[in-house]
Amino acid sequence: MTHDFSNLTALLSRCNAKMADAVISEIRAAVNDAAQYSQSVNAAVTRLSFNVKKAKKALAEERAAVRAAKKAEKTQTETQTQTQTQTETQTQTSPSQYVNGQMAGYIKRCSEQNIQDILNCYIHLLLTGNILNPADDSRYFNNFLLMAKAAGFVTDGTAITEQQIDDFVRNNPVFPLNRAQRRRLERFQRKHKR
């Protein structure tokens, strides 16, 4: 049986000279041993084949893990960029809500001076967190504040007293409440008593 070692020659020509010489000397030793002990050389070649396959498999798994990590990082970066872009777009197109339709309707029915007092006090509350009642008639602002609290825009528990809620339900200076609105505010009042 003749071996021309063409595959091995092509492989060793890519290695450095020291590595190629070491492989050739190992092959010569194996050939000399094969002449005397063929079984031990056969087992050594089988072990060599197994070790090479194991090393290649480990290298392939390592490369796959690196690719997966890069892909996950890229996906995470894209997701963060997309979320940030959506947040910026939403911020630019839709402002935060601090007034609802009921509150706007209430302001429309007030006099110009009361509208000014309500808005100044409400903006002051939003910016500073402190309640500042107008000097003239605080009922209008208190009514507006009650609606803001019912809508969830104001969460301060000390903002409105029970008396102010009763005044709003029964003695509203701007417009009389219909039955449904009174019931809703009474439920709101009972809820906050707990």
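Of the chain's 194 residues, 21% count as buried, where buried means under 20% relative accessible area, exposed over 50% and partly exposed in between (1.4 Å probe, protein chains only). This is a predicted model, in which local features need pLDDT of at least 70 and side-chain atom pairs count only at pLDDT 80 or more, while totals for chains, interfaces and linings use all residues. Residues are numbered from 1 along each chain as its sequence is written, and side-chain values use heavy atoms, with hydrogens and water left out.

## Exercise 1: the fold in outline

Task: find how many helices and strands the chain has.

Solution. Start with the rule: helices (H or I, at least four residues) and strands (E, at least two) are DSSP runs, numbered from the N terminus. The chain then has 8 helices and 0 strands. Read along the sequence, the pattern is α-α-α-α-α-α-α-α. For contacts, take heavy atoms within 4.5 Å. Among contacts with a separation of 6 or more, 47% come from residues 24 or more positions apart.

## Exercise 2: an aromatic pair

Task: identify which residues form an aromatic pair, and classify its geometry.

Solution. Rings of Phe, Tyr and Trp (its six-membered ring) pair if their centres lie within 6.5 Å; planes under 30 degrees apart are stacked, over 60 edge-to-face, and the rest tilted. The count by this rule is 1 aromatic pair. Its partners are Tyr122 and Phe144, with centres 5.0 Å apart and planes at 85 degrees, which is edge-to-face.

## Exercise 3: H4 against H5

Task: describe how H4 and H5 pack, and list the residues that meet.

Solution. Two packed helices are described by the angle between their axes and the distance between the axes. Here the axes are lines fitted to C-alpha atoms, for helices over the stretch in contact, and angles run from 0 to 180 degrees between N-to-C directions. Helix H4 (residues 101-108) packs on H5 at about 140 degrees, with the axes 9 Å apart. That makes H4 oblique to H5, because angles under 35 degrees count as roughly parallel, over 145 as roughly antiparallel, 65 to 115 as roughly perpendicular and the rest as oblique. From H4, Met103, Tyr106 and Ile107 meet Ile115, Ile118, Leu119 and Tyr122 of H5. By class, this contact has 7 nonpolar, no polar and no charged residues (nonpolar: Ala, Val, Leu, Ile, Met, Phe, Trp, Tyr, Cys and Pro; charged: Asp, Glu, Lys and Arg; polar: the others, Gly among them).

## Exercise 4: the core and Val154

Task: which element gives the most residues to the largest nonpolar core?

Solution. A nonpolar core is a set of buried Ala, Val, Leu, Ile, Met, Phe, Trp, Tyr and Cys residues joined through side-chain atoms within 4.5 Å. The largest one has 15 residues, and those with the most contacts inside it include Tyr122, Phe144 and Val154. H4, H5 and H6 are the elements that give two or more residues to this core. H6 gives the most, with 6 residues. Now look at Val154: not counting residues up to four places away in sequence, Val154 touches Tyr122, Leu125, Leu145, Ala148 and Lys149. Leu125 is found in helix H5 and is buried, at 7% relative accessibility. Leu125 and Val154 are 29 residues apart in sequence and 8.8 Å apart in space, C-alpha to C-alpha.

## Exercise 5: two asparagines

Task: decide whether Asn42 is buried or exposed, then do likewise for Asn114, buried or exposed.

Solution. Asn42 lies in helix H3 (residues 38-93) and is exposed, because its relative accessible area is 53%. Asn114 has its place in helix H5 and counts as buried, at 12%.
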